[in-house]
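Student: I would like to learn how to read local features in a model. Can we take them one at a time?

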Amino acid sequence: METQNTPKKRHGLKIALIILAIVLVLVLAAVIYGASLWSNLRQNLIPTVQKPDRDSAAALATPSAELFAEALRTDIDYYETGEIQEVPIYEQAKIDKYTITMAVVVQQGKIDSEPRQTDMIFLVSYNQLQQKLSIVALPRDMLLPTHEYGWKRLGSIYATGGIGMLINTLNDCFELGIQNYVYTGTEELSQLADTVKGVPATLTEAEAAYINEKTSSNLSAGSHRLSGSQAICYLSDRVSDGKGDIGRAEKQLALINDTFWYLTDNFDREYLFPLFATIFDCIRTNLDWDTLSGIVYEIAVSNDLIVTTVRLPFDDSYSEIMYDDAYSILPEIEKNRILIQQVLFGKE
């Protein structure tokens, strides 16, 4: 999938009113709930520690076909073996002082569910100088090398060592310097979609049929406002277009892009209080208040915001492999490293 850049002009008066409403809601929330709102977002913080001295090149060496087969064969739920552990985030130098980057994960079920299987993985950056928001979708079946367990798919990396191990692996492979994270669950994401009265999507006949089968809906091809349960079904669909996990990542980007601009143009202030209350209850992050509120404010007031959405791995930079009916996506790491740094940090 090629990078999609969507510049957007804002109506100043409308945005000013929305910002004023947001400020009033935050003040009211602070009066009613006090510090508990913010502490709720920062529950179960993943510690950041000094990066151990280790040889990254060894982990990035391309394995043999036998090792690929072994990686897929042993790609199991480590909760069953007792090997599961929460890995801390390793300190990394910031790539660009004007760019804030983070990993965003949506795991199956509730936010605190066990075992923690992931449904969606994204990298998000915001460049303050360029007023550019970049969103990168990563298929959970993408195979990458880890120091702890060898080559594993991203979904297994998250299940095995949590968001810390996921961030460390992405940093080692693509030299991204990510230190921050945001995560939630599919149940909470469904609740957020229902809070704003549904999210927009344009469905094919096959996609509509897939959602209908899974949710007992009666959708047809065309434009719809999906309920929370319908949206989660759509975001999890890897069947209807025949493109597997690659197609699922592309659906996720399309829905995010459509929802972002839809809410920008049609946001109703009656959503504000329930939306913020839901966000504080449904999301976990290690971002500090100044950084998080600053990003939200700058994006909201920007008159020339550019939104870039892209899938990693990029077109013509990966292969798909099968072993005993187990599927995986093998990226060309060096090529994708160069391309993803261009997207997230504007590097040439």
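**Reading the features**

Tutor: Start with disulfides: the count here comes to 0, where a disulfide is a pair of cysteine sulfur atoms within 2.5 Å. This is a predicted model: local features need pLDDT of at least 70, side-chain atom pairs count only at pLDDT 80 or more, and totals for chains, interfaces and linings use all residues. Residues are numbered from 1 along each chain as its sequence is written, and side-chain values use heavy atoms, with hydrogens and water left out.

Student: What is a disulfide in general?

Tutor: It is a covalent bond between the sulfur atoms of two cysteines.

Student: Are C233 and C282 buried or exposed?

Tutor: Buried means under 20% relative accessible area, exposed over 50%, and partly exposed in between (1.4 Å probe, protein chains only). C233 has 9%, so it is buried. C282 is buried too, at 0%.

Student: How is a pair of aromatic rings described?

Tutor: By the distance of the centres and the angle of the planes. Rings of Phe, Tyr and Trp (its six-membered ring) pair if their centres lie within 6.5 Å; planes under 30 degrees apart count as stacked, over 60 as edge-to-face and the rest as tilted. This structure holds 2 aromatic pairs. One of them joins F260 and W261, edge-to-face, with 4.9 Å centre to centre and 85° between the planes. F260 is partly exposed at 22% relative accessible area, while W261 is buried at 8%.

Student: Where does N180 lie, and which side chain does its own side chain meet in a polar contact?

Tutor: N180 is in strand β9, residues 180–185. Helices (H or I, at least four residues) and strands (E, at least two) are DSSP runs, numbered from the N terminus. A polar contact is a pair of N or O atoms within 3.5 Å; within protein, one must be able to donate a hydrogen and the other to accept it, and residues adjacent in sequence count only if both atoms are side-chain atoms. The N180 side chain makes one of 3.3 Å with that of N286.

Student: Which residues other than glycine have a positive phi?

Tutor: Among them are Q131, near 50°, and E175, about 55°. Q131 sits in the loop between β5 (118–127) and β6 (132–138) and is partly exposed at 27%. E175 sits in the loop between α5 (154–174) and β9; its relative accessible area is 45%, again partly exposed.

Student: Where is there a cis peptide bond?

Tutor: Between L312 and P313, with omega about 10°. P313 belongs to the loop between β13 (305–311) and β14 (318–323).
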